[in-house]
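Subject: Structure handover

Hello,

Please find the structure below, with the sequence alongside. My notes on what was found in it follow.

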Amino acid sequence: MLNNSTLIPLMVVLPLIMAILVNFLHQKDKSVKFISIVSLIVFVFIPVVTLYGVHLFSGHLRTGSFPEISKLLIPDVYMGIVYSYGSVQKILMVVLTIITGFTVLTVLNKKMISGVYIAMIFISLASTSAIMLADDIFNFFVFTEILVVAQVALVIAVQDTKSFKAGFKYMIFGTISGASILLGIALLLGVYGLLNITDLSNAIKAGGQLNPIALSAVSLLTLGWLYESGLFPFHIIKCNMYENAKPEISALLQVQSKFVLVAMAIILFRVFSGFALLKSVMLGFAIFTVVLGSVMALQQVELRKLLSFVAVSQAGLVAVGFGIGTSFAIAAGIFHAINDVLSMAILFFIASFVYDKFKTTKLEELGDGLQVVPLVGFVMLLATLAISGVPPFNSYQSEWRLIQAAAQAGVPELGVLVILLSVATFVAIIKAFFMIFMKPGPKVEVNTEVRGTMFKAIIVILILTCLAIGLFPNIIYDPIYNFVVSLGV
Amino acid sequence: MMFDYILLFAVALSALMAIIQENLYKSIIILTFESFSLAAIFHFLLATDVAAVQAILGAALLPGLFIVALYKTTKGRDE
Amino acid sequence: MLEKVYEIFHEKMKDKGQGMGIGSALTSEFLMLSFLLIGAILVLRTANSTILGFGALIILGGILFTVPTVFKVEKENTDSINLSSFYVALTLALLFVIFLGGI
Amino acid sequence: MEPFQVASFMTAGVLIVTGLWALLMMDNILKKIIGANLIGDGANLVLISIGYRPGGFIPEVMHHFHATATPSNYSHLLQFEEFASNASYSLPFALVLTNIVIGASTLSVMLALAVVLYKKYHTLSVQKMFEGDE
């Protein structure tokens, strides 16, 4: 676990370098396209070949490895920024890079090749991977701020009034949550004098009972976690971001926010391990999010808004897995995050295709789509089954594990909650499917030059991935479970 | 040593004033004063490099950005 | 009995879509009530403090007396920035009360 | 703790509460942005006050300490025992330098968004902007 792997920081550094490079060559579309595709292949390739381990930046070892320093009464801590790379990070990185690649491919396919746009996508990829990899709590904070700015830039690139308003709201509350995360870090630094998460968790374990300053740090960091993952008080803002971005961008945004949820919850559990109140508070906010998200999703008459609320409620379901708090439940939550990200990506790509083909996503204006694009309708039906947990697909495995974990933890009501959520999701999305593809509605004009070969390939690949994970879940689930057990939360 | 406390009080007071102030130009001037005295406090708290950066940002960049935004929005008129 | 409920929803949703809209509204209403029931059972069963139990009972009774709840939920979840600000401030205060006060 | 440290913590609390109030309650969009700036200043002041050590000296004075600190050999640290026991804690300063830059970039993006929203709605009132119909 202590081989100083040099490939780990490349996952953060290479996207940033590529973003700067692409940003500079602004009008040259051919070179932008070439560089983006090549760098995407590299981004998918790096996490696969990287060995598990930690990377010590600029080679600063632990102080314990220099015995003469003990005269200076320095404890045995890390001295630099540390990135740690485990099995969960590997799986999340592969999924994130693949979906980012699909998003960039659709963006390039739509002839809206802008260097700055691609650069923002790369910066958000870099910051998300840094959030997942960082073992240093301030580095994590910096990249959350960068992620907020990059996401806002991606949303306001639509040049629409609603998107400007959504971006401004997101930034207003982003300053609150960023300041609260920074204050929490500052209070922890003042109490324990450490920034590295491993040392911090050891120090807090040794310290025993948390003092009031550390408790206020817990509450501030919890508020930041709620914002970054779009849970209860922030679900409207996150939903506005999803619905006002271009749908293929929201397919990327929901991946990032769910993975940031997982990464920051793991950080909180590692730092404040064995602090039971934190888990119950997380559980309460997660249940609120699930209820409000699913109830609001049923009310919507606009495809992108509906999918946004479904994505928010599914994020709440992931957080329920963390809130239950047993290692089995946490592993099920992470597994559900991966499955749900894939299914939601399919639905958002289909929304993007519908938006291109029929020039609208209002449900009552659509209809008779199945004659126009039968393949997309069939895949959307499969994706609906997949996201609502119907057996051959992947979400069934994770939701079944969540129900099992809830029953083992002594709260079977949460199992009922999961079943109700999947029922609500199924009803909401099957309504959208009916109104788009089967309803003998008004004759919509069909944009004939949009053939969408790229979209069809992407959604078929993603649904086949969902089916494969559903058939062989242990390939993904067992490494996650071992990682969570090794965390010892 | 008394000067530090006076500066701290000035920072708190000017922050309140910048929020309460109706005229946006005046509130931006007060904000500049607040940011600059905050840089002085950083100096008294033994953080000289941070004080330099804060002074540059607070005295030059921040009011510039605010004045440009204010000119582009209200064209000099008061709301 | 269900026809009466349908009528209530029908005259409550004149402006919005009929038919499938009313059906989804009914579904979300029943979902809301079942979610509330589950939450109340959960809190009453697992909460080791009488304050939370009484609070859950009071909230449950108050909401059960104000059905249909869906429209109120929809009114509370608009895109308004002031409402979101209010909820954020409430959440911050609630977190501090829970973690420092310790319910 | 040093009384000056306590006073600066209280000032930071005043800054943060003022900024939060402006950010949540004010109607003017520029006042909201000023509040965001004040919150960042308060967080910076908290971090700086943590690193303060009364009677200590500034760590940046001893450049040669940083220049000669190589990870391979820390034995020369022994002759800086007096440094290690007297210098102020310089880690928060680096954090604040990062946070100031982040705050400036966020501020500029928010101001740009405010300008664009004004061009759409011809008002600075957030109420009119966000509750007004399209």
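Of the four pairs of chains that touch, chains B and D have the most contacts between them. Please keep in mind that this is a predicted model. Two other pairings are without any contact: chain A and chain B do not touch, and their closest C-alpha atoms are 15 Å apart. Chain B and chain C do not touch either, with 18 Å between their closest C-alpha atoms.

The interface of chains D and B

I start with the pair that has the most contacts. On one side, 43 residues of chain D take part, and they are in contact with 40 residues of chain B. How much area is buried between chain D and chain B, and what share of it do carbon and sulfur atoms give? The area comes to about 3700 Å², and carbon and sulfur atoms give 80% of it. Within chain D, the residues that lose the most area to chain B are F4(D), K31(D) and I34(D); together they account for 17% of what that side buries.

Which elements of chain D give two or more residues to the side that touches chain B? They are α1 (3-25), α2 (29-51) and α5 (91-121). The largest share comes from α2(D), with 12 residues. By residue type, the side of chain D that touches chain B divides into 27 nonpolar, 11 polar and five charged residues.

Chain B on its own

Chain B has 79 residues, and buried residues make up 52% of them. Its secondary structure consists of three helices and zero strands, so the pattern along the sequence reads α-α-α. The C-alpha trace of chain B spans about 40 × 25 × 10 Å along its principal axes. Taking the contacts in chain B between residues at least 6 apart in sequence, 48% join residues at least 24 apart.

Chain A on its own

Chain A has 489 residues, of which 66% count as buried. Its secondary structure comprises 19 helices and two strands. The C-alpha trace of chain A spans about 80 × 55 × 40 Å along the principal axes. How does the radius of gyration of chain A agree with that of a compact globule? For 489 residues a compact globule would have a radius of gyration near 23 Å, and chain A, at 22 Å, agrees with that. In chain A, 82% of the contacts between residues at least 6 apart in sequence join residues at least 24 apart.

Salt bridges

A search of the whole structure gives eight salt bridges over all chains. Three of those in chain A are described here.

One is formed by the side chains of D356(A) and K110(A), at 3.4 Å from N to O. This pair links distant parts of the chain, 246 residues apart: D356(A) is in helix α13 (residues 327-358), while K110(A) is in the loop between α3 (87-109) and α4 (115-133). Are the two partners buried or partly exposed? D356(A) is buried, because its relative accessible area of 16% is under the 20% cut-off. K110(A) counts as partly exposed, at 21% relative accessibility.

Another salt bridge joins the side chains of D340(A) and K258(A), at 3.2 Å from N to O. D340(A) lies in helix α13 and K258(A) in helix α10 (residues 247-271), so this pair ties together parts that are 82 residues apart in sequence. D340(A) is buried, with a relative accessible area of 0%. K258(A) also counts as buried, at 2% relative accessibility.

A further salt bridge is between the side chains of R304(A) and E302(A), at 3.7 Å from N to O. Both R304(A) and E302(A) are buried. Some salt bridges share partners, and through them K110(A), E248(A) and D356(A) are joined into one network.

Regards

Note on methods:
Residues numbered from 1 in each chain as written. Chains lettered and ligands numbered in written order. Predicted model: local features only at pLDDT ≥ 70, side-chain atom pairs only at ≥ 80, totals over all residues. Heavy atoms only, no water. Contact = heavy atoms within 4.5 Å. Buried area = accessible area lost by both parts, 1.4 Å probe. Helix = DSSP H or I, 4+ residues; strand = E, 2+ residues; numbered from the N terminus. Nonpolar A, V, L, I, M, F, W, Y, C, P; charged D, E, K, R; others polar. Rg over C-alpha atoms; globule rule 2.2 N^0.38 Å. Buried < 20%, exposed > 50% of the residue type's maximum accessible area, 1.4 Å probe, protein only. Salt bridge = Lys/Arg side-chain N within 4 Å of Asp/Glu carboxyl O.
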